[in-house]
Amino acid sequence: MKKLLTKALMLAMVFGFTSAISFAKDYADLPKDHWAYKQIQILTDFNVVVGYPDGNYRPDQNVTRAEFATMVVKAFDQQKAEIKQPAKFTDVSEKDWFYGMVQRAVMFDLLKGYPDGHFDPYGTVSRGHVISTTVNALTTETISNQKALEILENSYTDYQQIPDWLIIAAGKAEILGMVVKEPGEENVINAERPATRAELAAFLVKMLEQAKLNPNEKLKEAMSPRTAEGIIIPTTTLEGYIATIPAGTVIPIMVVNKEITCKKSKAGDQFLSKLPKNLVTPEKYLLLVENDALSGKISNVKIGRLFVRNGEVTMETHTITTDRNQTAAFCGEALGGYRPEGFWKTLYLKIIKGHKIQIKEGDILNLKLTKPVRIDLTNGMILE
């Protein structure tokens, strides 16, 4: 299946796709300039959020607590986690479609029921409850109620309307930059207002970014980085479950184009490649997967001329499509042709050969990253 997917991707790129390819669904009611477009697309890629049969996402629609529990559990890829001690709620039955998701959300301390024993699965989830959940996913430093109030008073005009049970969590969320603010509502927290589907996507992305660095104890126990054998990238740095491959790192890539030459190729032509092997950290954590596809373009071509210069072809990658079907930025530069190795060899190549560049399908080139790449080690998601 993976080989078929890779071949299909390569064929799609060869036959006319010149821009970044994404497998995420385009929703009829979600223009690309929507403030939460990027977050919704990221979570759609990973099946955390889905649209409706009519092709819409309905970004302004509210969400039930059962739906929210499902999104949160899927965001952490814990939908198959064993339910060890089921919580009992008066309004949640084993026959309900959401039973397992609610139980897992409670098990990981992400959501809670109410003191009278009900969960309210069909009730709408408020922004306050979403803020509480995003903080519950983390291990955070303790702050006082007074400190939290000071922070919130300086940030929001409606801070006095924040319920007491939320004050500390909201203060922590503000410190960590996790409070989602819709355009035009930057100075209000709107704790009691029902959260929209657009807001939830933005909250969940922020939550994941922080939880991969400092998850709560139960999530930390359940999540673990993917491991594999492959080419070790020694420059990789780790922070929690997030790995960063810094700019300047050189990685091998395999050319997919049938042929690239300094005589026939021209600037602007598509440049297609893939990873010849897995890329891993020194600890053997999996960064990127063999056959992940890269797309870009030829940025510069110089024809080899006798007595003048050797040929040269410069290629740039723009995006990568991973084994999780995520398409993300992946910027680097590869140079085709002989690099000068001393005065006499350079002179020989210019005078005797005027070296001609010919790069064939399957050739390995070194790609130098021009921008860093951040990767969630638990699921292979590239963070942008």
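**A working chat on sheets, helices and aromatic pairs**

Mentor: In this predicted model, four strands form an open sheet in the order β2-β3-β14-β15, and the pairing is antiparallel.

Trainee: Which strands stand at the edges of that sheet?

Mentor: The edges are taken by β2 (237–239) and β15 (382–383). Each has a single partner strand, so one side of each is left without a neighbour in the sheet.

Trainee: How many bridges join β2 to β3?

Mentor: Three bridges join them, and β3 covers residues 242–245. Within that pairing, E239 stands opposite I242 of β3.

Trainee: What holds such strands together in general?

Mentor: Strands of a sheet pair through backbone hydrogen bonds, either parallel or antiparallel.

Trainee: And the sheet that contains β1, in what order do its strands run?

Mentor: That open sheet has three strands in the order β1-β7-β8, and its pairing is mixed. Its edge strands are β1 (231–232) and β8 (286–288); each has a single partner strand, so one side of each lacks a neighbour in the sheet.

Trainee: How many bridges join β7 to β8?

Mentor: Two bridges join β7, residues 279–280, to β8, and the two strands run antiparallel.

Trainee: What about β9, which strands is it bridged to?

Mentor: Five bridges join β9, residues 293–302, to β6, residues 270–274. Nine bridges join β9 to β10, residues 312–321. Both pairings are antiparallel.

Trainee: How far is T236 from R374?

Mentor: Their C-alpha atoms are separated by 9.6 Å, while the two residues are 138 residues apart along the chain.

Trainee: Moving to the helices, at what angle do α5 and α8 cross?

Mentor: The axes of α5 (residues 127–136) and α8 (residues 197–211) cross at roughly 15° and come within 10 Å. The two helices are therefore roughly parallel to each other, and their crossing is right-handed.

Trainee: How do α3 and α8 compare in angle and distance?

Mentor: The axes of α3 and α8 come within 11 Å and cross at roughly 30°. That angle makes α3 roughly parallel to α8, since the cut-off for this description is under 35 degrees. The crossing of α3 with α8 is right-handed.

Trainee: And α6 with α7, parallel or oblique?

Mentor: These helices pack at an angle of about 60°, with their axes 8 Å apart. That makes α6 oblique to α7. Their crossing is left-handed.

Trainee: What lies in the loop between α6 and α7?

Mentor: P163 is found there, between α6 (145–155) and α7 (167–175). P163 is buried, with a relative accessible area of 16%.

Trainee: Let us turn to aromatic residues. How many aromatic pairs are there?

Mentor: The structure holds four aromatic pairs. In the pair of Y27 and Y57, the ring centres are 5.2 Å apart and the planes lie at 50°, so this pair is tilted.

Trainee: Where in the chain do Y27 and Y57 lie?

Mentor: Y27 is in the loop between α1 (2–14) and α2 (37–45), and Y57 is in the loop between α2 and α3 (65–75). The pair thus links distant parts of the chain, 30 residues apart. Both tyrosines, Y27 and Y57, are buried.

Trainee: Which residues form an aromatic cluster?

Mentor: W97, F98 and Y122 form one.

Trainee: Which rings have a charged end over them?

Mentor: The charged end of R58 sits over the ring of Y52, 3.8 Å from the ring centre. R65 lies over the face of F119, at 4.3 Å from the centre of that ring.

Definitions and conventions. Residues are numbered from 1 along each chain as its sequence is written. This is a predicted model: local features need pLDDT of at least 70, side-chain atom pairs count only at pLDDT 80 or more; totals for chains, interfaces and linings use all residues. Side-chain values use heavy atoms; hydrogens and water are left out. Rings of Phe, Tyr and Trp (its six-membered ring) pair if their centres lie within 6.5 Å; planes under 30 degrees apart count as stacked, over 60 as edge-to-face and the rest as tilted. Buried means under 20% relative accessible area, exposed over 50%, partly exposed in between (1.4 Å probe, protein chains only). A charge sits over a ring if NZ of Lys or CZ of Arg is within 6 Å of the ring centre and within 35 degrees of the ring normal. Two strands pair if DSSP finds at least two bridges between them. Axes are lines fitted to C-alpha atoms, for helices over the stretch in contact, and angles run from 0 to 180 degrees between N-to-C directions. Angles under 35 degrees count as roughly parallel, over 145 as roughly antiparallel, 65 to 115 as roughly perpendicular and the rest as oblique. A crossing is left-handed if the near helix is turned anticlockwise from the far one by less than a right angle, and right-handed if clockwise.
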